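Trainee: Could we go through a few residues together, one at a time?
Mentor: Gladly, let's open the model and start.

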Amino acid sequence: MSEVKIRPLADKLLIKIIDDTQQTQGGIFIPDSAKEKPQKGEVIAAGPGAMNKEGKREEMEVKVGDKVLFAKYAGTDIKLERQEMKILSEKDILAIIE
């Protein structure tokens, strides 16, 4: 992907969706709409972190390049350079895939 033209603010993340299309042994594809499970993505850009009550910025736990799981309906869907993406808050991340 070329240079990212979106810079998330505060505790927001730009996530590139990892297509998890599954196919049965009989050749039938199971669409994402038929699956009720978390989604996978790669962090493309991250904001600087949210401000706490003392006015100090809290460091983000998720970094650019991390592969993550997030809830199916979390965030806002966008399309950037013909690629499906999401913008969501760090709190919507369920786990980092190692």
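**A walk through some residues**

Mentor: Keep in mind that this model is predicted. In it, Lys86 touches Leu13, Leu14, Ile15, Ile17, Phe70, Lys72, Ala74, Thr76, Asp77 and Ile78, leaving aside residues up to four places away in sequence.

Trainee: Is Lys86 buried or exposed?
Mentor: Lys86 sits in strand β7, which covers residues 83–89. Its relative accessible area is 7%, and the cut-off for buried is under 20%. Therefore Lys86 is buried.

Trainee: Which residue's backbone oxygen does the side chain of Lys86 reach?
Mentor: Ala74 and Thr76 are among the residues that Lys86 touches. The side chain of Lys86 comes to 3.0 Å from a backbone oxygen, and that oxygen belongs to Ala74.

Trainee: What separates the C-alpha atoms of Ala46 and Glu90?
Mentor: Ala46 belongs to strand β4, residues 39–46, and its contacts include Pro8, Met60 and Val64. Ala46 and Glu90 are 44 residues apart along the chain, yet their C-alpha separation is 9.0 Å.

Trainee: Where is Glu81, and what is its phi?
Mentor: Glu81 lies in the loop between β6 (76–80) and β7. Glu81 is not a glycine, but its phi is positive, at about 55°.

Trainee: Is Arg82 buried or exposed?
Mentor: Arg82 is found in the loop between β6 and β7, and it too is a residue other than glycine with a positive phi, near 60°. The relative accessible area of Arg82 is 80%, and exposed means over 50%. So Arg82 is exposed.

Notes:
Residues numbered from 1 in each chain as written. Predicted model: local features only at pLDDT ≥ 70, side-chain atom pairs only at ≥ 80, totals over all residues. Heavy atoms only, no water. Helix = DSSP H or I, 4+ residues; strand = E, 2+ residues; numbered from the N terminus. Buried < 20%, exposed > 50% of the residue type's maximum accessible area, 1.4 Å probe, protein only. Polar contact = N/O pair within 3.5 Å; in protein donor to acceptor, adjacent residues only side chain to side chain. Contact = heavy atoms within 4.5 Å.
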